[in-house]
Amino acid sequence: METRYTTIEGKSKGYQILIGFLGAMVGILIISFMVLYFEGQQVWGNSNVIPWGQLITLDIYFIGLSAGAIIISSLCYVFKREEYKPIGRLAVFLGLLLMMGAMLSVLMDLGRPEKFWRLFMYFYLNNMTSLFAVNGIFYTGYILLMLVYLWLILENRMAQAAIVGTVDVLWAIAVHMGTGAIFGLIGNREILFSPIKPFEFLAAALSSGTALIILALAVTYTFTRRKIEPALIVSLGKLLSMIIVVLSVMVFVDKATHMYFPNREGTVYLFTGNYWWLFWVFQIGMGILIPLALLVYPRTGRTVRGVVLASLFVVLGVLGERAALVIPGTAHPQPIYPGHIEGIWGAPGIFFITPWETLLTLGVVSFVGLFFVLGLKYLEILPEQG
Amino acid sequence: MAKWGMVIDLDKCVGCQACTVACWEENNIPHGSAEDQRRRREIHWNKVISVSRGQYPNCNIELIPTPCMHCEQAPCVTVCPAKATYRRDDGIVVQNFRRCIGCRYCMVACPYNARSFNYRDQPEEAYHRLDPPPDRESWDPWPFPHRTRGVVEKCTFCFHRIDRGIKEKKNIGVEVVPACVEVCPSQARTFGDLDNPESQVSQLLKSRTIFRLREELGTKPKVVYLPR
C-alpha cells in the first residue's frame, strides 16, 4: 500500500499556543546568550574543575538522538520495511533538527562563537589530531548528507534516497562513535577513559533515538488525531528492548573492567560520590532497568501506553547518562600525587545549576521543538491517516 | 636548540607559596574574587599542593609545587583543535589567546590540572600591580596581556624572560630564570637546559633519584622532582 504524506493544518488554538510558547523560549535563548556573551561564562555553573556543563551534556545527547533517529530511518529507506513507513520522514527530519540543535548548543558553549571558524580550517589552521577537529568533518558532512537525504525522501526519489540513506547511516555511526571517542580517549580521567566508549555511545544513541521516535510518533499522532498502529509501536518497543540489553552489556563491561583492577578510585567515586544519583537513578534506573522491565513484562510491553512510558524513561535516562559522564567524569579529583591531596585540590568538584545556563539549555531544546512543529505544518512529514 | 626544564627539590620546599605569588605578579594574573574562589574559578598557573599520608600521630605531609609540566607528549597540544596550544621548538608549551576558541578540551585532557579558564573579563584593577618593576616600560607587551573572557591560560615557564635573556646573550638558568625559580627562598627550584649535560639541572638529575608526576601516562613532563 502506498503511504501518502501530508502537512498538518496548524490552525488550531493549541498549535498556536505551542508555537507562541516555543517562540518565547527561543527569545529567552537569545537573551540568555546575550547575557553569556557580555558577562562571560561566570553566569554558568561550570568551573576550572568541571569545565563542561549543561550545554555539552545536551550537545552529546542531541548528537546521539540524531544518530539514533537516522539509523532507525534506515529500516524504512534502506531495508525497505513497509511497516516502518510512517516513521521514515519523521525520523530523518528529527535527525536533522536534533543535529542542528547539537551544533547550536556547542556553539553557545564556546561562549565566543565568533571564533569557532578556526575549527573548520581543515589541515590549515586547525589541528587534525584533535577529535574536535576530526568530528568537525563528521558533523559538517552529516548535516549536508541529512539535508540531501530529507530532500530526496520529500521528493519521493526512493532509489536515490536508499543510496544516500545508506551513506548517511554509516556516517551517523561514525559521527556518534567519534563523539564517544572525544571522551573515551582521555587517558588521564578514569571515568571517561575507555576503548568501549564509542560503542557505548552508539548503543546509547540507538536506544535514545528509537525511544524518541516512539515518543514523537505517539505525541504527534495524538495531537493530530491520527490513529496509532499498535503493532508498529510494539515492534519498535521490541527493538528498543534489544538495544537496551546491548547498552547494558556495554555499560557493565566498561564499569566491570574499571572495577576489576585495584586502581578503581574514579569508578568508586562515580558509584558512591556526590553524583551517585546521576549514575544509579538516571543511567541505570531510568535508562536501563525500568524501561527494560516495562518492555519485557507482557502486560505493558505489548501496549502502546507501556511502550511509550518505557520510551519516556529511556529518553530521560540517557540524558542522565550523558550528564553522568560529563559532570562526575571531570569532578573526580585527579590523582596528581599518591596519597590524600588536602584542601580544594583534592576535593571533588561541585557543579552549580544556574538560571542562565538552564534557560539557555531549555532554549536550545525549544529551538529544536519550534522547528519540528513548524516543519509539520510546512513539510509533508506525517502520513495522511495513520 | 635548548630543551628547557625545571627540577624541584622536595627536600628543600617549605610550602611558603612564594612561587605562586611571584607567578601572579610576574604574569599579571588576575587575583579573582571571593566568589571566584568559592566557585573554583580562580586562575592558577602555579600551585603548591599538600599531600598527606597516614593518620596522626603516624602521618606525613608532603608539599608538591606544581607548575605546568610542559610535557614532551602534551595531551593538551594533541587535543587542542585550534592550534592555540602548541609546543615551541625549545619545548615550552604555550597558549595563544587569540587562537583559543574556548572549548576547554585541554582542561579536560590535562593530567595535572595546570589550566584555568577566564570566566569573565577582569576589572582593570585586578591586573595592576602595586609594585611594577622599574624597567616595565622597556618590556614586551607579553607579561601584561589583558585576557579576554572565554580563553584558557596556563604557566609559560616565563618564556618572555627566556626570550629576552637569549636576545641579550645572558646565561639562561643562571642569570635568567622564571619568576618562581628566582623567588624561591629555599632554592628548591632550578631551571635550565635539559639537553646540556653541563647545566645545573642536568647535574642535579644525575645526582639523585628522580621522579615525574603521573609518569605512567607517558606524557614525559619536563618538570622533574627530587624526592625527600
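Modeller: Let's start with a term: a helix crossing is right-handed if the near helix is turned clockwise from the far one by less than a right angle, and left-handed if anticlockwise. The model we are looking at is predicted.

Colleague: Which crossing does α3(A) make with α12(A), left-handed or right-handed?

Modeller: α3(A) passes α12(A) in a right-handed crossing. You can find the two helices at residues 85-110 and 355-378 of chain A.

Colleague: Which residues make the contact, and of what classes are they?

Modeller: From α3(A) they include F93(A), L97(A) and G101(A), and from α12(A) they include V364(A), F367(A) and G375(A). By class, this contact has 12 nonpolar, three polar and no charged residues.

Colleague: Now to the two chains. How do you know that β2(A) and β2(B) pair?

Modeller: Pairing takes at least two bridges. β2(A), residues 340-341, and β2(B) share two bridges, in the antiparallel sense, so they qualify as a pair. In one of these bridges, H340(A) has S52(B) as its partner.

Colleague: Which strands stand at the edges of this open sheet, and why?

Modeller: The order is β2(A)-β2(B)-β3(B), with antiparallel pairing. β2(A) and β3(B) are at the edges because each has a single partner strand, which leaves one side of each without a neighbour in the sheet. Nine bridges join β2(B) to β3(B), and there R53(B) stands opposite N60(B).

Colleague: How many residues are in contact between the chains, and which element of chain B gives the most?

Modeller: 41 residues of chain B are in contact with 41 residues of chain A. β2(B) gives the most to the chain B side, with six residues. By class, that side has 20 nonpolar, eight polar and 13 charged residues.

Colleague: One last stop: why is β1(B) called largely enclosed?

Modeller: A residue is buried if 20 or more other C-beta atoms lie within 10 Å of its own. Five of the six residues of β1(B) are buried, so the strand is largely enclosed by the rest of the structure. β1(B) runs antiparallel to β8(B), joined by five bridges, and it pairs in the parallel sense with β9(B) over four bridges. For landmarks, W4(B) has D193(B) of β8(B) as its bridge partner, while V7(B) stands opposite V224(B) in β9(B).

Methods
Residues numbered from 1 in each chain as written. Chains lettered and ligands numbered in written order. Predicted model: local features only at pLDDT ≥ 70, side-chain atom pairs only at ≥ 80, totals over all residues. Contact = placed C-beta atoms within 7 Å. Nonpolar A, V, L, I, M, F, W, Y, C, P; charged D, E, K, R; others polar. Axes fitted to C-alpha atoms, helices over the stretch in contact; angles between N-to-C directions. Buried ≥ 20, exposed ≤ 12 C-beta atoms within 10 Å, placed from the backbone.
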